[in-house]
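Open the structure in your viewer and keep the selection tool handy. We will go from stop to stop, picking residues and looking at what surrounds them.

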Amino acid sequence: MIGPVSFVHDQRPVRVVFGAGRIGALADECDHLELTRVLLIATRYSTAAQTLLGDRVVATVTDPRAHVPVDQVHETLDLVGRSGADGVVAVGGGSSVGLAKAVALGTGVPILAVPTTYSGSEMTRVWGRTEGGRKQTGRDLRVAPRTVIYDPDLVAGLPTVTAAASAINAVAHAAEALYAPDRTALSDLAAAEAIRVVTATLARALDPTALLRGAYLAGVVLDQTTMGLHHKLCHVLGGAFDLPHASTHSVVLPHVLAYNLGDPAVAERFAAAGAHDLPAVVRRLGSGHGVPTSLRELGLSASSLDEVMNTVLAVPPVNPRPVRADAVRGVLWGAFSGVHV
(Lines give C-alpha, C1' and ligand atoms only; values in the text may rest on other atoms or scores of the structure.)
Protein backbone atom coordinates (compact mmCIF):
# COMPACT_ATOMS: atom_id res chain seq x y z
CA MET A 1 0.00 0.00 0.00
CA ILE A 2 1.46 3.36 -1.05
CA GLY A 3 1.01 6.22 1.43
CA PRO A 4 0.84 9.97 0.76
CA VAL A 5 3.77 11.49 -1.11
CA SER A 6 3.93 14.54 1.18
CA PHE A 7 3.20 14.57 4.90
CA VAL A 8 4.27 15.70 8.39
CA HIS A 9 4.49 12.97 11.01
CA ASP A 10 4.35 14.09 14.65
CA GLN A 11 5.15 11.26 17.07
CA ARG A 12 4.51 11.89 20.76
CA PRO A 13 6.09 9.77 23.52
CA VAL A 14 3.91 7.11 25.18
CA ARG A 15 4.76 3.94 27.11
CA VAL A 16 2.70 0.91 26.04
CA VAL A 17 2.65 -2.26 28.16
CA PHE A 18 0.84 -5.06 26.30
CA GLY A 19 0.09 -8.64 27.29
CA ALA A 20 -2.10 -10.98 29.28
CA GLY A 21 -1.76 -10.43 33.02
CA ARG A 22 0.00 -7.08 32.64
CA ILE A 23 -2.55 -5.43 34.96
CA GLY A 24 -0.34 -6.92 37.65
CA ALA A 25 2.27 -4.28 36.78
CA LEU A 26 -0.10 -1.43 37.70
CA ALA A 27 1.78 -0.39 40.85
CA ASP A 28 5.17 -0.68 39.13
CA GLU A 29 3.93 1.54 36.29
CA CYS A 30 2.77 4.12 38.83
CA ASP A 31 6.29 4.03 40.27
CA HIS A 32 7.68 4.57 36.75
CA LEU A 33 5.59 7.75 36.53
CA GLU A 34 6.51 8.68 40.13
CA LEU A 35 2.84 8.74 41.17
CA THR A 36 2.30 8.41 44.92
CA ARG A 37 -1.23 9.82 45.38
CA VAL A 38 -3.65 8.81 42.64
CA LEU A 39 -7.26 9.35 41.77
CA LEU A 40 -8.65 5.99 40.64
CA ILE A 41 -11.41 6.13 38.02
CA ALA A 42 -12.77 2.65 37.49
CA THR A 43 -16.01 0.70 37.18
CA ARG A 44 -16.11 -3.10 37.24
CA TYR A 45 -12.40 -3.45 38.03
CA SER A 46 -12.31 -0.84 40.78
CA THR A 47 -11.79 -3.32 43.65
CA ALA A 48 -9.01 -5.20 41.86
CA ALA A 49 -7.27 -1.97 40.87
CA GLN A 50 -7.51 -0.57 44.39
CA THR A 51 -5.98 -3.77 45.78
CA LEU A 52 -3.07 -3.52 43.35
CA LEU A 53 -2.50 0.17 44.07
CA GLY A 54 -2.89 0.00 47.84
CA ASP A 55 -2.42 3.24 49.77
CA ARG A 56 -1.54 5.16 46.60
CA VAL A 57 -5.28 5.63 46.06
CA VAL A 58 -6.42 8.85 47.75
CA ALA A 59 -9.78 9.23 45.96
CA THR A 60 -12.02 7.15 43.69
CA VAL A 61 -14.72 7.64 41.08
CA THR A 62 -16.67 4.47 40.30
CA ASP A 63 -19.46 5.91 38.13
CA PRO A 64 -17.85 7.74 35.16
CA ARG A 65 -20.67 8.75 32.82
CA ALA A 66 -20.84 8.49 29.05
CA HIS A 67 -19.86 11.52 26.93
CA VAL A 68 -18.11 13.19 29.94
CA PRO A 69 -20.86 15.52 31.25
CA VAL A 70 -19.43 18.78 32.48
CA ASP A 71 -21.09 18.58 35.91
CA GLN A 72 -19.18 15.37 36.68
CA VAL A 73 -16.00 17.01 35.43
CA HIS A 74 -16.41 19.82 37.97
CA GLU A 75 -17.17 17.34 40.77
CA THR A 76 -14.07 15.31 39.94
CA LEU A 77 -11.80 18.33 39.68
CA ASP A 78 -12.99 19.36 43.14
CA LEU A 79 -12.21 15.83 44.39
CA VAL A 80 -8.68 16.04 42.98
CA GLY A 81 -8.12 19.38 44.66
CA ARG A 82 -9.31 18.11 48.06
CA SER A 83 -7.35 14.84 47.88
CA GLY A 84 -4.07 16.24 46.56
CA ALA A 85 -3.85 13.58 43.85
CA ASP A 86 -0.70 13.78 41.72
CA GLY A 87 -2.02 11.55 38.93
CA VAL A 88 -5.00 9.63 37.58
CA VAL A 89 -5.33 5.90 36.99
CA ALA A 90 -8.22 5.17 34.64
CA VAL A 91 -9.35 1.55 34.38
CA GLY A 92 -12.30 1.13 32.04
CA GLY A 93 -13.73 2.16 28.69
CA GLY A 94 -14.09 5.51 26.99
CA SER A 95 -16.09 7.02 29.87
CA SER A 96 -13.33 6.34 32.42
CA VAL A 97 -10.54 7.53 30.16
CA GLY A 98 -12.60 10.53 29.03
CA LEU A 99 -13.13 11.70 32.60
CA ALA A 100 -9.44 11.20 33.36
CA LYS A 101 -8.62 13.42 30.38
CA ALA A 102 -10.94 16.14 31.66
CA VAL A 103 -9.05 16.04 34.95
CA ALA A 104 -5.68 16.24 33.18
CA LEU A 105 -6.90 19.13 31.04
CA GLY A 106 -7.88 21.06 34.16
CA THR A 107 -4.90 20.19 36.35
CA GLY A 108 -2.03 18.92 34.19
CA VAL A 109 -1.60 15.71 36.23
CA PRO A 110 -0.47 12.61 34.28
CA ILE A 111 -2.73 9.70 33.33
CA LEU A 112 -2.06 5.98 33.44
CA ALA A 113 -4.78 4.29 31.38
CA VAL A 114 -5.91 0.67 31.41
CA PRO A 115 -8.58 0.24 28.71
CA THR A 116 -11.23 -2.47 29.15
CA THR A 117 -12.93 -1.88 25.77
CA TYR A 118 -11.69 -1.15 22.26
CA SER A 119 -12.50 2.58 22.23
CA GLY A 120 -8.93 3.75 21.47
CA SER A 121 -9.20 6.98 23.46
CA GLU A 122 -6.33 5.90 25.67
CA MET A 123 -3.85 6.42 22.80
CA THR A 124 -4.88 9.97 21.96
CA ARG A 125 -4.50 13.61 22.91
CA VAL A 126 -8.18 14.11 22.01
CA TRP A 127 -10.55 15.18 24.77
CA GLY A 128 -14.30 15.69 24.87
CA ARG A 129 -17.01 16.81 27.24
CA THR A 130 -20.73 17.47 27.00
CA GLU A 131 -22.65 20.49 28.23
CA GLY A 132 -26.19 21.52 27.37
CA GLY A 133 -26.61 18.66 24.92
CA ARG A 134 -23.53 19.63 22.90
CA LYS A 135 -20.31 17.63 22.84
CA GLN A 136 -17.17 19.73 22.57
CA THR A 137 -13.89 18.13 21.55
CA GLY A 138 -10.31 19.33 21.24
CA ARG A 139 -6.67 18.27 21.21
CA ASP A 140 -4.17 18.90 23.97
CA LEU A 141 -0.96 17.05 24.86
CA ARG A 142 -1.81 17.33 28.55
CA VAL A 143 -4.63 14.80 28.22
CA ALA A 144 -2.64 12.10 26.40
CA PRO A 145 -2.00 9.21 28.83
CA ARG A 146 1.71 8.81 29.61
CA THR A 147 1.40 5.03 30.04
CA VAL A 148 -1.15 2.56 28.67
CA ILE A 149 -1.51 -1.01 29.93
CA TYR A 150 -3.28 -3.34 27.50
CA ASP A 151 -4.33 -6.59 29.18
CA PRO A 152 -6.45 -8.94 27.05
CA ASP A 153 -7.70 -10.65 30.22
CA LEU A 154 -9.63 -7.48 31.09
CA VAL A 155 -11.64 -7.48 27.85
CA ALA A 156 -12.16 -11.24 27.66
CA GLY A 157 -15.35 -11.03 29.70
CA LEU A 158 -17.12 -8.41 27.60
CA PRO A 159 -20.57 -9.48 26.34
CA THR A 160 -20.38 -10.36 22.65
CA VAL A 161 -22.57 -7.46 21.49
CA THR A 162 -20.54 -4.97 23.56
CA ALA A 163 -17.22 -6.33 22.28
CA ALA A 164 -18.38 -6.25 18.65
CA ALA A 165 -19.76 -2.70 18.84
CA SER A 166 -16.62 -1.45 20.55
CA ALA A 167 -14.39 -3.18 17.98
CA ILE A 168 -16.34 -1.55 15.13
CA ASN A 169 -15.73 1.77 16.87
CA ALA A 170 -12.02 0.99 16.45
CA VAL A 171 -12.60 0.26 12.75
CA ALA A 172 -14.23 3.71 12.45
CA HIS A 173 -11.03 5.37 13.67
CA ALA A 174 -8.90 3.50 11.18
CA ALA A 175 -11.31 4.00 8.29
CA GLU A 176 -11.52 7.76 8.71
CA ALA A 177 -7.74 7.90 9.08
CA LEU A 178 -7.39 6.50 5.55
CA TYR A 179 -8.98 9.63 4.07
CA ALA A 180 -7.80 12.18 6.64
CA PRO A 181 -6.11 15.30 5.24
CA ASP A 182 -3.16 14.80 7.60
CA ARG A 183 -2.61 11.07 7.02
CA THR A 184 0.98 9.88 6.85
CA ALA A 185 2.83 6.85 5.52
CA LEU A 186 2.81 5.34 9.01
CA SER A 187 -0.85 6.10 9.73
CA ASP A 188 -1.89 4.48 6.44
CA LEU A 189 -0.05 1.27 7.35
CA ALA A 190 -1.43 1.19 10.90
CA ALA A 191 -4.98 1.96 9.74
CA ALA A 192 -4.96 -0.76 7.10
CA GLU A 193 -3.61 -3.30 9.59
CA ALA A 194 -6.16 -2.28 12.24
CA ILE A 195 -9.02 -2.77 9.79
CA ARG A 196 -7.63 -6.12 8.66
CA VAL A 197 -7.07 -7.48 12.17
CA VAL A 198 -10.39 -6.33 13.65
CA THR A 199 -12.63 -7.37 10.76
CA ALA A 200 -10.90 -10.76 10.41
CA THR A 201 -11.27 -11.38 14.14
CA LEU A 202 -14.94 -10.32 14.18
CA ALA A 203 -15.56 -12.86 11.42
CA ARG A 204 -14.29 -15.65 13.69
CA ALA A 205 -14.15 -16.13 17.46
CA LEU A 206 -13.70 -12.80 19.25
CA ASP A 207 -10.10 -13.29 20.33
CA PRO A 208 -9.46 -10.48 22.82
CA THR A 209 -5.71 -10.30 22.17
CA ALA A 210 -6.22 -9.75 18.43
CA LEU A 211 -9.04 -7.24 18.92
CA LEU A 212 -7.03 -5.31 21.50
CA ARG A 213 -4.05 -5.22 19.14
CA GLY A 214 -6.23 -3.84 16.37
CA ALA A 215 -7.80 -1.30 18.72
CA TYR A 216 -4.34 -0.15 19.82
CA LEU A 217 -3.32 0.47 16.20
CA ALA A 218 -6.60 2.27 15.52
CA GLY A 219 -6.02 4.43 18.59
CA VAL A 220 -2.59 5.38 17.29
CA VAL A 221 -4.04 6.68 14.01
CA LEU A 222 -6.91 8.38 15.83
CA ASP A 223 -4.26 10.39 17.67
CA GLN A 224 -2.34 11.24 14.49
CA THR A 225 -5.16 12.22 12.11
CA THR A 226 -8.24 14.42 11.82
CA MET A 227 -11.56 12.58 11.81
CA GLY A 228 -14.32 13.42 9.30
CA LEU A 229 -18.09 13.26 8.85
CA HIS A 230 -18.54 9.97 10.67
CA HIS A 231 -17.10 11.19 13.95
CA LYS A 232 -18.87 14.53 13.70
CA LEU A 233 -22.22 12.78 13.35
CA CYS A 234 -21.50 10.42 16.24
CA HIS A 235 -20.43 13.26 18.53
CA VAL A 236 -23.60 15.19 17.77
CA LEU A 237 -25.80 12.13 18.30
CA GLY A 238 -24.07 11.21 21.53
CA GLY A 239 -23.96 14.69 23.00
CA ALA A 240 -27.50 15.75 22.12
CA PHE A 241 -29.36 12.46 22.58
CA ASP A 242 -27.11 10.43 24.89
CA LEU A 243 -27.02 7.50 22.47
CA PRO A 244 -24.63 4.65 23.37
CA HIS A 245 -21.22 5.53 21.99
CA ALA A 246 -20.01 2.28 20.44
CA SER A 247 -23.37 1.22 18.99
CA THR A 248 -23.84 4.65 17.42
CA HIS A 249 -20.51 4.23 15.64
CA SER A 250 -21.54 0.77 14.45
CA VAL A 251 -24.82 2.05 13.03
CA VAL A 252 -23.50 5.20 11.34
CA LEU A 253 -20.18 3.95 9.94
CA PRO A 254 -21.41 1.90 6.93
CA HIS A 255 -23.52 4.81 5.67
CA VAL A 256 -20.75 7.42 5.92
CA LEU A 257 -18.27 5.05 4.29
CA ALA A 258 -20.67 4.30 1.44
CA TYR A 259 -20.93 8.04 0.80
CA ASN A 260 -17.20 8.75 1.02
CA LEU A 261 -16.25 5.79 -1.15
CA GLY A 262 -18.00 7.66 -3.94
CA ASP A 263 -14.76 9.65 -4.19
CA PRO A 264 -12.56 7.68 -6.63
CA ALA A 265 -9.36 8.49 -4.73
CA VAL A 266 -10.89 7.22 -1.48
CA ALA A 267 -12.19 4.09 -3.19
CA GLU A 268 -8.73 3.40 -4.65
CA ARG A 269 -7.10 3.84 -1.25
CA PHE A 270 -9.54 1.48 0.48
CA ALA A 271 -9.08 -1.09 -2.29
CA ALA A 272 -5.31 -0.91 -1.80
CA ALA A 273 -5.87 -1.53 1.90
CA GLY A 274 -8.04 -4.57 1.14
CA ALA A 275 -11.14 -2.77 2.42
CA HIS A 276 -13.06 -1.91 -0.77
CA ASP A 277 -16.25 -3.54 0.59
CA LEU A 278 -15.90 -2.25 4.16
CA PRO A 279 -19.45 -0.75 4.45
CA ALA A 280 -21.05 -4.15 3.78
CA VAL A 281 -18.48 -5.94 5.94
CA VAL A 282 -19.13 -3.67 8.93
CA ARG A 283 -22.88 -4.07 8.64
CA ARG A 284 -22.67 -7.85 8.27
CA LEU A 285 -20.24 -8.31 11.16
CA GLY A 286 -22.19 -6.01 13.45
CA SER A 287 -25.59 -7.59 12.84
CA GLY A 288 -24.03 -11.04 13.05
CA HIS A 289 -23.02 -10.30 16.64
CA GLY A 290 -26.33 -8.70 17.60
CA VAL A 291 -25.26 -5.05 17.29
CA PRO A 292 -28.16 -2.70 16.41
CA THR A 293 -28.24 -1.62 12.77
CA SER A 294 -30.37 1.54 12.96
CA LEU A 295 -30.59 4.73 14.97
CA ARG A 296 -34.26 3.94 15.45
CA GLU A 297 -33.25 0.86 17.44
CA LEU A 298 -31.06 3.08 19.64
CA GLY A 299 -34.06 5.25 20.52
CA LEU A 300 -33.65 8.22 18.17
CA SER A 301 -36.84 9.70 16.73
CA ALA A 302 -37.24 10.69 13.08
CA SER A 303 -38.15 14.20 14.21
CA SER A 304 -34.61 14.65 15.56
CA LEU A 305 -32.83 14.11 12.24
CA ASP A 306 -33.09 17.73 11.08
CA GLU A 307 -31.60 18.93 14.38
CA VAL A 308 -28.65 16.58 13.93
CA MET A 309 -28.16 17.67 10.33
CA ASN A 310 -28.30 21.38 11.15
CA THR A 311 -25.82 20.98 14.00
CA VAL A 312 -23.37 19.17 11.73
CA LEU A 313 -23.74 21.75 8.98
CA ALA A 314 -23.20 24.64 11.40
CA VAL A 315 -19.55 23.60 11.77
CA PRO A 316 -18.93 21.06 9.01
CA PRO A 317 -15.99 18.68 9.43
CA VAL A 318 -13.15 18.15 7.00
CA ASN A 319 -14.28 15.30 4.76
CA PRO A 320 -13.19 13.91 1.37
CA ARG A 321 -16.65 14.53 -0.14
CA PRO A 322 -18.70 17.72 0.39
CA VAL A 323 -20.67 17.97 3.63
CA ARG A 324 -23.90 19.35 2.16
CA ALA A 325 -27.45 19.17 3.43
CA ASP A 326 -28.54 16.56 0.90
CA ALA A 327 -25.55 14.33 1.66
CA VAL A 328 -25.93 14.54 5.44
CA ARG A 329 -29.68 13.99 5.19
CA GLY A 330 -29.13 10.89 3.06
CA VAL A 331 -26.56 9.43 5.43
CA LEU A 332 -28.74 10.14 8.45
CA TRP A 333 -31.88 8.68 6.91
CA GLY A 334 -30.03 5.52 5.93
CA ALA A 335 -28.61 5.18 9.44
CA PHE A 336 -31.97 5.91 11.03
CA SER A 337 -33.91 3.41 8.96
CA GLY A 338 -31.18 0.79 8.71
CA VAL A 339 -31.49 0.63 4.93
CA HIS A 340 -28.73 -1.55 3.46
CA VAL A 341 -25.74 0.26 1.97
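## Stop one: leucine 261

Select leucine 261 and show what it touches: leaving aside its neighbours within four places in sequence, it is in contact with Val266, Ala267, Phe270, His276 and Pro279. Remember as you look that this is a predicted model. Leucine 261 sits in the loop between helix 10 (245-260) and helix 11 (264-272).

Is leucine 261 buried or exposed? Its relative accessible area is 17%, and buried means under 20%, so leucine 261 counts as buried.

Leucine 261 and alanine 191 are 70 residues apart in sequence, and their C-alpha atoms are 16 Å apart in space.

## Stop two: the aromatic rings

Next, colour the aromatic side chains. How many aromatic pairs are there? The count comes to four.

Phenylalanine 18 is partly exposed, at 30% relative accessibility, whereas tyrosine 150 is buried, at 0%.

Ring pairs link Phe18, Tyr150 and Tyr216 into a cluster.

## Stop three: a cavity

Now for some empty space. Rolling a probe the size of a water molecule over the atoms shows where such space is left. A search of the whole structure finds one cavity of 30 Å³ or more, and the largest cavity holds about 60 Å³ of space.

To find the largest cavity, select its lining: Ile168, Ser250, Val251, Pro254, His255, Val282, Arg283, Gly286, Ser287, Val291, Pro292 and Thr293. Which elements give two or more residues to this lining? They are helix 10 and helix 12 (278-288). Colour the lining by residue type and you will see six nonpolar residues, five polar and one charged.

## Stop four: two positive phi angles

Most residues other than glycine have a negative phi. With that in mind, select histidine 67, where phi is near 70°, a positive value in a residue other than glycine. Then select valine 68, which is not a glycine either, yet has a positive phi of about 50°.

Histidine 67 lies in the loop between strand 3 (57-61) and helix 3 (70-83), and valine 68 lies in the loop between strand 3 and helix 3 too. Histidine 67 is buried, with a relative accessible area of 8%. Valine 68 also counts as buried, at 7% relative accessibility.

## Stop five: histidine 173

For the last stop, select histidine 173 in helix 6 (residues 160-177). At 4% relative accessibility, histidine 173 is buried.

What does the side chain of histidine 173 reach at 3.5 Å? Look for the backbone oxygen of serine 119. Then show the rest of the surroundings: not counting residues up to four places away in sequence, histidine 173 touches Ser119, Gly120, Ala218, Val221, Leu222, Met227 and His231.

Technical notes. Residues numbered from 1 in each chain as written. Predicted model: local features only at pLDDT ≥ 70, side-chain atom pairs only at ≥ 80, totals over all residues. Heavy atoms only, no water. Helix = DSSP H or I, 4+ residues; strand = E, 2+ residues; numbered from the N terminus. Buried < 20%, exposed > 50% of the residue type's maximum accessible area, 1.4 Å probe, protein only. Contact = heavy atoms within 4.5 Å. Phe/Tyr/Trp six-rings, centres within 6.5 Å; stacked < 30°, edge-to-face > 60°. 1 Å grid on protein atoms, 1.4 Å probe; cavity = no way out; pocket = protein on both sides within 12 Å on 5 of 7 lines; lining within 4 Å. Points joined across faces, edges and corners; volume = space filled by probe spheres on them. Nonpolar A, V, L, I, M, F, W, Y, C, P; charged D, E, K, R; others polar. Polar contact = N/O pair within 3.5 Å; in protein donor to acceptor, adjacent residues only side chain to side chain.
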